[in-house]
Amino acid sequence: MDTLLTKVARRIGRAWAGLVSPDNVESQAATLSRLAETESGLARLADRLERSARRVDKVERQQDERLRETVAALRKDTRSQNGLVRRVLRASRRDNEREVIRERVFQRLRRISRSSGPVLVGPWTGEVGFELLYWIPFVRWAIQEFNIDPSRITLLSRGDSRSWYAIEDAHYLDIFDLSTPDVFRQHTAGAQKQRTLRSFDRDLIRRAGHLLGSPPSILHPALMYSLYSPYWSQQTASRWIHDFAEHQRIVPPTVPDLQLPSEYVAAKFYFSKCFPDTPDNRKTIDRLIASITHDCDVVLLTPSFRVDEHRTFEGVMGNRVHGIGHLLRPENNLALQTAVVGGAKAFIGTYGGFSYLAPLCGVNAVALYSHRTYFPYHVDFAEHVFSTVRGGSLTVADASVWPLLSPQSWQPAPTS
């Protein structure tokens with residue numbers, strides 16, 4: 001079948017033949033007319049071909065664009081799937097690591113449970129806050145979960161903190177019966193997290209073993225640090241700790257002949273990273289104590305010795321400001337301070353581990369800081385614990401706001 005161009009060529013040939021014949025004028029005119037028509041037809045054909053070519057180009061561009069979008073979407077989806085796979089793998093590894101840690105701790109606790117000799121719990125040489133919030137609840141849980149006979153247990157801590165543990169039939173041995181505050185401070189300064197069994201721990205264990213009469217099994221704080229580390233590194237929720245802890249309120253010890261006002265606020269101020277020794281902070285403490293003593297007595301929990309790097313606020317004793325420093329000795333200071341806090345109307349002091357003691361005794365507490373260098377999740381965890389045991393409240397506040405709340409700040413400014 002002849003193509004369109006072939007037919008057009010034939011028509012042009014016939015027209016050309018007639019056109020060049022000198023004897024046929026009419027034919028030449030007709031031929032010229034047909035040539036004009038053919039030229040017009042060719043122009044229309046070329047225009048249609050151009051429009052068709054443009055449509056083809058547009059379709060091709062649209063297809064290319066859709067192809068590029070599809071490829072980009074596939075790449076994005078692939079990256080998203082790869083990211084999801086990586087997250088799943090990381091979560092799986094974390095889960096596996098937690099289970100490995102848990103099993104190792106459980107194996108150690110099972111061995112302690114199956115042993116027949118004494119069990120030494122500690123020594124605890126770390127912060128008061130970690131002992132109250134984490135270590136003691138872990139010890140209670142371990143004893144209950146693994147059926148360790150409490151009569152086999154000797155608690156090794158400092159300052160006579162046995163009332164904090166409240167483990168019936170357990171024995172207590174004080175570190176300050178084995179060491180001095182100066183030696184204790186020297187070996188624990190800057191290294192209070194007992195993630196491993198350190199040389200000072202070994203020395204205390206050896207000395208305690210002599211008093212116990214036979215080598216004990218050791219329930220060391222490193223087990224707790226290992227088990228709770230996924231929460232402290234923010235890899236899991238606090239539920240992880242609550243599954244391995246037994247929280248309860250503290251019943252303060254009774255201290256005979258402890259002379260205290262009938263109603264008082266217990267106060268313990270010391271200087272730390274979050275509450276450094278500055279003129280403003282000292283002025284805030286003075287204002288607070290002066291404000292409280294308008295309506296109530298204040299008992300300062302200020303020992304005359306140091307067992308850590310914190311410098312205490314001495315305070316000035318007065319008609320309504322009392323101190324118990326003359327009663328505090330290294331081997332009984334925590335027991336006496338707990339008795340004072342437990343009988344107080346309220347507690348106020350520096351934010352830190354000691355500010356957790358009052359709520360655990362059922363006493364509301366206010367704790368001050370001026371530099372927010374602490375980890376808020378410890379406060380969140382503490383508040384949950386206090387709610388669980390129906391304890392007191394803890395209010396952690398910036399020291400800079402307290403001058404604004406003093407009665408003097410409500411007076412109108414003098415006029416000139």
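How far apart should the ends of helix H6 (residues 199-212) lie at 1.5 Å a residue, and how far apart are its end C-alpha atoms? The legends below take up this helix, then a sheet, then a cavity. The model is predicted, so local features need pLDDT of at least 70 and side-chain atom pairs count only at pLDDT 80 or more, whereas totals for chains, interfaces and linings use all residues. Residues are numbered from 1 along each chain as its sequence is written, and side-chain values use heavy atoms, with hydrogens and water left out.

**View 1. Helix H6 and its cover.** The 14 residues of H6 should span 20 Å, and its end C-alpha atoms are 20 Å apart, which agrees; the expected span is 1.5 Å times one less than the number of residues. Helices (H or I, at least four residues) and strands (E, at least two) are DSSP runs, numbered from the N terminus. Phe200, Asp201, Leu204, Ile205, Ala208 and Gly209 are the buried residues of H6, where buried means under 20% relative accessible area with a 1.4 Å probe, protein chains only. Their cover includes strands E1 (119-121), E2 (153-157), E3 (171-174) and E4 (217-219) together with helix H5 (181-188). After H6 comes Gly213, with a positive phi near 95°.

**View 2. An open sheet of six strands.** The strands follow the order E9-E7-E5-E10-E11-E12 with parallel pairing, two strands being paired if DSSP finds at least two bridges between them. Strands E9 (321-323) and E12 (394-398) stand at the edges, each with a single partner strand, so one side of each is left without a neighbour in the sheet. From one strand to the next the twist averages 25°, with axes fitted to C-alpha atoms (for helices over the stretch in contact) and angles running from 0 to 180 degrees between N-to-C directions.

**View 3. Strand E11 and helix H9.** Strand E11 (residues 365-369) runs parallel to E12 and is joined to it by five bridges; Ala367 has Val396 of E12 as its bridge partner. Helix H9 (residues 279-292) packs on the sheet, touching E5 (264-268), E7 (297-300), E9, E10 (346-350) and E11, and its direction makes about 135° with that of E7; contact means heavy atoms within 4.5 Å.

**View 4. The lining of the largest cavity.** Leu132, Ile136, Pro137, Arg140, Trp164, His247, Gln248, Ile250, Leu360 and Val385 line this cavity, and helix H3 (residues 128-145) gives the largest share, four residues. A cavity is a set of points on a 1 Å grid over the protein atoms alone where a 1.4 Å probe fits but cannot get out, and lining residues have an atom within 4 Å of a point.

Methods
Buried < 20%, exposed > 50% of the residue type's maximum accessible area, 1.4 Å probe, protein only. 1 Å grid on protein atoms, 1.4 Å probe; cavity = no way out; pocket = protein on both sides within 12 Å on 5 of 7 lines; lining within 4 Å.
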